[in-house]
Amino acid sequence: MMQSFNCPLPLIRHETVQMGHGAGGKLSRELMQAVFMPHLGNVFLDMLDDQAKLSLPSGQVAFTTDTYVISPVFFPGGTIGSLAVNGTVNDLSVGGAKPLYLSAGFVLEEGFPLVDLVRIVADMADAARTAGVLIVTGDTKVVQKGSCDGIFINTSGIGLLRDDVSLSCRNLKPGDRVLLSGTAGDHGMSIMTAREALSFQGDIASDCASLNRMIESVLDAVPQVHAMRDPTRGGVAAVLNELASASAAGIEIQEHAVPVRAEVRGACELLGIDPLHVANEGKLVAVVPEPYASKVLDVMRSFEEGRDAAVIGSVTADHPGMVVMRTSLGSRRIVDLPAGELLPRIC
């Protein structure tokens, strides 16, 4: 009696990623058609070629890449998917580039739940739409169980540089004002509380967001901005030290002027962590000539991402290469680089 044929690895019957999903065969195609294309499809990706053929406007382009290995992959305020898109968009934007196209490379662990992968890809699509960018090419690899922690994502991005701005960490001048677009430390404390199942009064959520629209408006209003950076790993303290060192200038900030959510401040005090050392994923540090500081502040505050923006300090000719904080008690202390990694795999 002839037995009926059953495909040994039909995608529809699997709830988790199989090694066959990365083998380049039928399961790989089904993963592409069932998971990636419904969310990420566009005129470039739909071609399914090994490369995206793009027509770029004339001018200089910025190109960046980053790999996201965050744990946990779902956290209050975002997912590894939204983080991967927003992080690369912001890396382009703080250089004065208009983000255009992204690539996405996935490393998936055998056994990773497909329902989680779908949620992550959908978040990437939402983040890309919000930022106004297209994911135009990608790659998927599957590794054996135990070879990685669920999912890693690499995103690279291309953006068109404006020719009316000159942003550089070497541009700082004495008298410049230092602006922070919102509260410090939200992302890092969100990850810490989610990872360690810590409970604090109030909600602590990541600030994960794309900043390109706010940055574009800031530069439209004030192309004289000297420098911009997004304070991710190492937090605001790391960025300020990098700026001071590169420009051989001093920076003095006022403790009372640095916006920090009460929940984040409380958690940091309990854990003995300086909120200036905690990572952010939706904040901007801008260094602006003093006459333009108020205008930049107004533009930032007109966006949801910048509603808590504040002038937190200024550039000084004193103590070149160092960052100093004037505390609420009137004393001064050095704001140094973080001594080590407060929390690994935070982005």
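**View 1. The largest nonpolar core of the predicted model has 74 residues.** Phe-106, Leu-117, Ile-151, Ile-251 and Ile-253 have the most contacts inside this core. A nonpolar core is a set of buried Ala, Val, Leu, Ile, Met, Phe, Trp, Tyr and Cys residues joined through side-chain atoms within 4.5 Å; buried means under 20% relative accessible area, for a 1.4 Å probe and protein chains only. Helix 3 (residues 114-131) contributes the most, nine residues. At least three residues come from each of domain 1 (16-161) and domain 2 (176-334), with bounds from an automatic or database domain assignment. The model is predicted: local features need pLDDT of at least 70, side-chain atom pairs count only at pLDDT 80 or more, and totals for chains, interfaces and linings use all residues. Residues are numbered from 1 along each chain as its sequence is written, and side-chain values use heavy atoms, without hydrogens and water.

**View 2. Surroundings of Phe-106.** Leaving aside residues up to four places away in sequence, Phe-106 touches Phe-36, Val-121, Met-124, Asp-139, Thr-140, Lys-141, Ile-151, Phe-152 and Ile-153 (contact: heavy atoms within 4.5 Å).

**View 3. Another core, of 21 residues, lies apart from the largest one.** Its members include Val-165, Ile-215, Met-228 and Ala-286.

**View 4. Strand 9 (residues 250-254) has four of its five residues buried.** Helices (H or I, at least four residues) and strands (E, at least two) are DSSP runs numbered from the N terminus; two strands pair if DSSP finds at least two bridges between them. Strand 9 pairs with strand 11 (residues 310-316) in the antiparallel sense over four bridges, and Gly-250 has Thr-316 as its bridge partner there. With strand 12 (residues 323-326), strand 9 pairs in the parallel sense, also over four bridges; Val-323 is the partner of Ile-251.

Definitions and conventions
Buried < 20%, exposed > 50% of the residue type's maximum accessible area, 1.4 Å probe, protein only.
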